[in-house]
Amino acid sequence: MKFRDLGLSKDLLQAVEKAGFTEATPIQADTIPLILEGHDVLGQAQTGTGKTAAFSLPILDKIDLDDPNVQALVVSPTRELAIQTQREMNRFGRVEGAKVQAVYGGADIRQQIRNLKKHPQVVVGTPGRILDHINRRTLKLSNVKFLVLDEADDMLDMGFLDDIESIIKALPTERQTLLFSATMPDKIKRVGVQFMNQPKQIKIKAKELTTDLVDQFYVRSKEAEKFDLMTRFFDVQAPKVTIVFCRTKRRVDEVSRGLIACGYPAAGLHGDLTQKRRSQIMREFRDGKISILVATDVAARGIDVSGVTHVYNYDIPQDPESYVHRIGRTGRAGKHGVSLTFVEPNERDYLREVEKLTKVRMLPLKPPSEAEALNGQLSVVKNELGNLIEKTDMDKFSETADELLEKYSAKELVSVLLSKMTRNQVKVRITPERPLPNKKRRFNRGGRGGGRRFGGRGRNGGGNRRYNGHGRGGNHRNNDRGHGRGNGGNHRSNGGNKSFTIKQKD
Ligand SMILES: Nc1ncnc2c1ncn2[C@@H]1O[C@H](COP(=O)(O)OP(=O)(O)O)[C@@H](O)[C@H]1O
Ligand SMILES: [Mg+2]
């Protein structure tokens, strides 16, 4: 669905275009018109589906820029989210000149008070700090026309219900209330009934489970080891068409640059790239020039590439439904796929949530050792050498070859060749990301507990397996796909150990 069909004003359409959005996501397509019509809305869609823009755009469209009062209040569960929402709303609101102010705990309240005096039309904040400002009378809400309860399930899980009730008491009853959430337990629906006016409920179904054709593995690893281990898996699994999922844009940048430095034909895809660049990357991925696409969930949305052989979850998704979405990229059209998920020690509960949803146990894999990884590469190289020998015009090099053989032993020459044909030993350091919140404390959702329902395959059934096959369809640095060692040579110009720290580009 195109944004221009949703009834938004010209200014906002321009802002949306500037942000690089082309298609509205389903939750946006369904809720924006309802909000513009003045309805209260209960919107449910999984994480990463663009719920922020779903409420931001129509609100920005409807606020009165000549009115100096706060007209919209967005309540967010965390300070990070409040900041992120402020940023997103500013990005859209700039064209028409709307002001958005964030208020959250742990930051200087006097600065916030000064900012609130500058007449923002929209305030985004965490419940505690909003109440604080209400009590200090530094935030006047008597002209609020829109209340947004964002990520409502998280807010309830974090025990903010009382605070939210107190905030709502400070608001006019004549207002539009919008509630967005990834899940919709009864507790939230009750909030809806209590504080909303005949809300329209929109639920976007998560993608169906299509996991039968995907062999799902997981690997226990520490945050700092993941990059190294992933490349070793690349070397032994020799994935052909691969998507690597990362949790953040920074991760995508760093992991893709690290892979390129190691000599893999990789590219990163995320929302900060221009539309033009994104299309170019997708084209190259489809053509096989790039065989490893590193992406965020959102950037990968709508990507439809046939023949994805491997999905690597560099970061386990926070939301189990995203997992299904991710691995659904492979194992399509009757073809077989492999998925591999890195699980950090504190993320076991997330793994369980995923297994609960898919009703499949993932099998543990033991990471290949460095020597095994090298062997994996060498066995590919050995195959390739046969092809190369067939293709090469021997006469052309005959004289020089003889010369070199006089000077060096055949073994020396072949070793140099093998070193050139295997990948760079580059030390890549990836900036650690904040770990996922501890599930036990935060996620206390009723009715979700219960016993396990999976069948036969016990977690430790076969012990740890080692993945040895690299049979599945050739190698990711295959010459035929236009990205041979020849072209890639510049990445690997020096076989020695280099240190390579990936810096974030801002
Ligand atoms: N229509 C769209 N096209 C492309 N990217 C989008 C679109 N809508 C939102 N995004 C981007 O998707 C990311 C996640 O959106 P967000 O609103 O945080 O998701 P949610 O709240 O559903 O978890 C953001 O980076 C946002 O800029
Ligand atoms: Mg959100």
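Predicted model: local features only at pLDDT ≥ 70, side-chain atom pairs only at ≥ 80, totals over all residues.
The C-alpha atoms of Lys2 and Ala24 are separated by 5.7 Å, although the two residues stand 22 residues apart along the chain. Lys2 itself belongs to the segment before α1 (10-18). Lys2 counts as exposed because it has 11 C-beta neighbours inside 10 Å, and a residue with 12 or fewer falls in that class.

In the model, the end C-alpha atoms of residues 1-29 lie 6 Å apart. This span is 45% helix and 0% strand.

## Overall architecture

The protein chain contains 20 helices and 17 strands. Of its 506 residues, 42% count as buried. Among the contacts in the protein chain with a separation of 6 or more, 79% are accounted for by residues 24 or more positions apart.

## Nonpolar cores

The largest nonpolar core has 57 residues, and those with the most contacts inside it are Leu73 and Val122. Helix α3 supplies the largest share of this core, 6 residues. Apart from it lies another core, of 51 residues, which includes Val219, Phe227, Phe234 and Val294.

The surroundings of Val122 can be listed individually. Leaving aside neighbours within four places in sequence, Val122 is in contact with Ile59, Ile63, Ala72, Val74, Met89, Ala98 and Val100.

## The surroundings of ligand 1

Ligand 1 is surrounded by 16 residues, of which the closest are Phe21, Gly50, Lys51, Thr52 and Val298. By residue type, the shell divides into 5 nonpolar, 8 polar and 3 charged residues.

Helix α3 (residues 51-62) gives the largest share of this shell, 3 residues.

## Helix α10

The 12 residues of α10 should span 16 Å at 1.5 Å a residue, and the end C-alpha atoms of the helix are 16 Å apart, which agrees. Helix α10 is mostly covered, with 10 of its 12 residues buried. The buried residues are Lys226, Phe227, Leu229, Met230, Arg232, Phe233, Phe234, Asp235, Val236 and Gln237. Two of these, Phe227 and Phe234, are among the residues of the 51-residue core. The cover over the buried residues of α10 includes the strands β8 (214-220), β12 (310-313), β13 (337-343) and β15, together with the helices α11 and α16 (370-391).

Just after α10, Ala238 takes a positive phi of about 45°, a positive value in a residue other than glycine. Ala238 lies in the loop between α10 and β9. Ala238 counts as buried because it has 24 C-beta neighbours inside 10 Å, where 20 or more are required.

## Helix α11

Helix α11 (residues 249-262) has 14 residues, which should span 20 Å at 1.5 Å a residue; its end C-alpha atoms are 20 Å apart, which agrees. Because 11 of the 14 residues of α11 are buried, the helix is largely enclosed by the rest of the structure. The buried residues are Arg251, Val252, Asp253, Glu254, Val255, Ser256, Arg257, Gly258, Leu259, Ile260 and Cys262.

What covers the buried residues of α11 includes helix α10 (226-237) and the strands β9 (242-245), β10 (266-269), β11 (292-295) and β15 (426-429). Helix α11 in turn is included in the cover of α10, as is β15. Just after α11, Gly263 takes a positive phi of about 100°.

## Arg137, an exposed residue with positive phi

Arg137 has a positive phi of about 60° although it is not a glycine. Arg137 is placed in the loop between α6 (127-135) and β5 (146-149). Is this residue buried or exposed? Arg137 is exposed, because 7 other C-beta atoms lie within 10 Å. Ala238, by contrast, also takes a positive phi without being a glycine but counts as buried, with 24 C-beta neighbours inside 10 Å.

How values were computed
Residues numbered from 1 in each chain as written. Chains lettered and ligands numbered in written order. Helix = DSSP H or I, 4+ residues; strand = E, 2+ residues; numbered from the N terminus. Expected span 1.5 Å × (residues − 1). Contact = placed C-beta atoms within 7 Å. Near = placed C-beta within 6 Å. Nonpolar A, V, L, I, M, F, W, Y, C, P; charged D, E, K, R; others polar. Core = buried A, V, L, I, M, F, W, Y, C linked by C-beta atoms within 7 Å.
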